[in-house]
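User: Hi! I am new to protein structures and would like to learn how to read one. Could you walk me through it?

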Amino acid sequence: MELTRLWKGKNMNVYIKKLRENAVIPTRGSENAAGYDLYACIDEPIEIKPHCTAKIGTGLALAVPDGYFGAIFARSGLAAKQGLRPSNCVGVADSDYRGEYIVALHNDGEETRMVNPNDRIAQLVVMPYLPVCFEETDSLDETVRGEGGFGSTGK
């Protein structure tokens, strides 16, 4: 079980393991892109009917460092042009997860769409998070907004 370094140098190292020989290591579209493209690791095309979801494996497992998580976002072109996006909108892969990264792609469109082997299906952004301790209280401090909810700050 060989681990491969994804980022080197001044960047954070994230260890990645290919679970399948044909898995593709995530890539960036440009030097300053925040997201790394995730690729479909499938043996044959998968059909996604309108308003349906299909789980698409990447064939990869990652070891994201503690204090960070893997956020899985839609690829803007795939969402805008084909209506395909992660079904949960943003996937959260915790730092202690070591299983295969799988993207549940949902078809928001009215036409059946195909996902082919090695298609770019989503993008991964490694992000920090703040651990918190929830402390129950009987009251909260007052703010100008107060309890104003949906649409309360609009005109």
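This is a predicted model: local features need pLDDT of at least 70, side-chain atom pairs count only at pLDDT 80 or more; totals for chains, interfaces and linings use all residues.

User: How many salt bridges does the structure hold?

Analyst: Start with the general idea: side chains of opposite charge can pair when their charged atoms come close. The rule used here asks for a side-chain nitrogen of Lys or Arg within 4 Å of a carboxyl oxygen of Asp or Glu. The structure holds 6 of these salt bridges. One of them pairs R75 with D37, with the closest N and O atoms 3.1 Å apart.

User: Why does the pair of R75 and D37 tie together parts that are apart in sequence?

Analyst: Look at where each partner sits. Helices (H or I, at least four residues) and strands (E, at least two) are DSSP runs, numbered from the N terminus. R75 lies in the loop between β7 (68-73) and α1 (76-82), while D37 is in strand β3 (residues 36-39), so the pair links parts 38 residues apart in sequence.

User: Which residue meets D37 in a salt bridge at 3.2 Å?

Analyst: That is R120, with the 3.2 Å taken from N to O. R120 belongs to strand β12 and D37 to strand β3, so this pair ties together parts 83 residues apart in sequence. Through shared partners, salt bridges join D37, R75 and R120 into one network.

User: Is D37 buried or exposed?

Analyst: Buried means under 20% relative accessible area, exposed means over 50%, and partly exposed is in between (1.4 Å probe, protein chains only). D37 counts as buried, at 7% relative accessibility. R75 is buried as well, at 17%, whereas R120 is partly exposed at 38%.

User: Now the core, please. Which residues have the most contacts inside the largest nonpolar core?

Analyst: A nonpolar core is a set of buried Ala, Val, Leu, Ile, Met, Phe, Trp, Tyr and Cys residues joined through side-chain atoms within 4.5 Å. The largest one has 24 residues, and I56, L62, V115 and I121 have the most contacts inside it. The elements giving two or more residues to this core are β5 (53-57), β6 (60-63), β10 and β12 (120-128). Its largest share, 3 residues, comes from β12.

User: What does I56 touch?

Analyst: Contact means heavy atoms within 4.5 Å. Not counting residues up to four places away in sequence, I56 touches A40, I42, I46, Y101, I102, V103, L105, V115 and I121.

User: And what is the volume of the second largest pocket?

Analyst: On a 1 Å grid over the protein atoms alone, a pocket is an open set of points where a 1.4 Å probe fits, with protein on both sides within 12 Å along at least five of seven lines; lining residues have an atom within 4 Å of a point. Grid points are joined across faces, edges and corners, and a volume is the space filled by probe spheres set on the points. For the second largest pocket, that volume is about 200 Å³. Of its 13 lining residues, the closest to its centre are I72, N88, G91, V92 and I102.

Terms used: Residues are numbered from 1 along each chain as its sequence is written. Side-chain values use heavy atoms; hydrogens and water are left out.
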